[in-house]
Amino acid sequence: MAPDYILCHSSIKPRLLAAIDREIRRQFGDDPLENPDYGRIISKKHFDRLSALLPPDAPARRETLQIAPTVLPDAGWDDPVMEAEIFGPILPVLTFDSFDEVYGRLADRPKPLALYLFTEDRRRAEDVMARCRFGGGCVNDVVIHLATSEMPFGGVGESGMGGYHGRAGFEAFSHTKSIVDKKTWMDLPMRYQPYRRDLFGPILRLFLK
């Protein structure tokens, strides 16, 4: 699980990029590929898939299946990196100038499995959560909603249907068997011909209430 891209207001982009760079260096050092605890890509197939999305100067080693955390600060909506889920240490950063633009952009794209919003504006948070369609998410955090078994986890539309974890998972993977147990002494003549319009209408309305 990892955020697939960042969509930030254009006014904070320089500060955001500087903060991301500081955090990468804090966690992994100046050269993440020399960090013995830094992870690897699962296979050469996926390494090559990710390498095709990288700029030419991005630090990567095919022999060890490692790609350094790579931020794409000038990514665009139509770039190849935005066409599918990344599943790798590559982070496109896109910008917006108004939330009306955000709502329009997200409405035109496949519904994501998760959405993470960072804001101190409670009304803005409620508006985004109400107007955007996504599987689940967090306000002022990422991924953590996946960690609790008390909350259903799953997608909507293109990202999946239903949810699991805890009781939601039990219900999602259980089948409710519906049975009608009717007594033999009772039947409804209105089900059979000849139909009587004078009885059919009033009785049907009674049952449909």
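1. Two strands are taken to pair if DSSP finds at least two bridges between them, and strands (E, at least two residues) and helices (H or I, at least four) are DSSP runs numbered from the N terminus. In that sense β4 is joined to strand β5, residues 90-96, by 3 bridges, and the two run parallel; within this pairing, Leu-72 stands opposite Pro-92 of β5.

2. This is a predicted model, in which local features need pLDDT of at least 70 and side-chain atom pairs count only at pLDDT 80 or more, while totals for chains, interfaces and linings use all residues. Residues are numbered from 1 along each chain as its sequence is written, and side-chain values use heavy atoms, with hydrogens and water left out.

3. The open sheet consists of 3 strands in the order β1-β5-β4, with parallel pairing, and its edge strands, each pairing on one side only, are β1 (6-9) and β4 (70-72). β1 and β5 are paired in the parallel sense over 4 bridges, and Leu-7 has Leu-94 in β5 as its bridge partner.

4. How much of β5 is buried, where buried means under 20% relative accessible area, exposed over 50% and partly exposed in between (1.4 Å probe, protein chains only)? The strand is mostly covered, as 6 of its 7 residues are buried.
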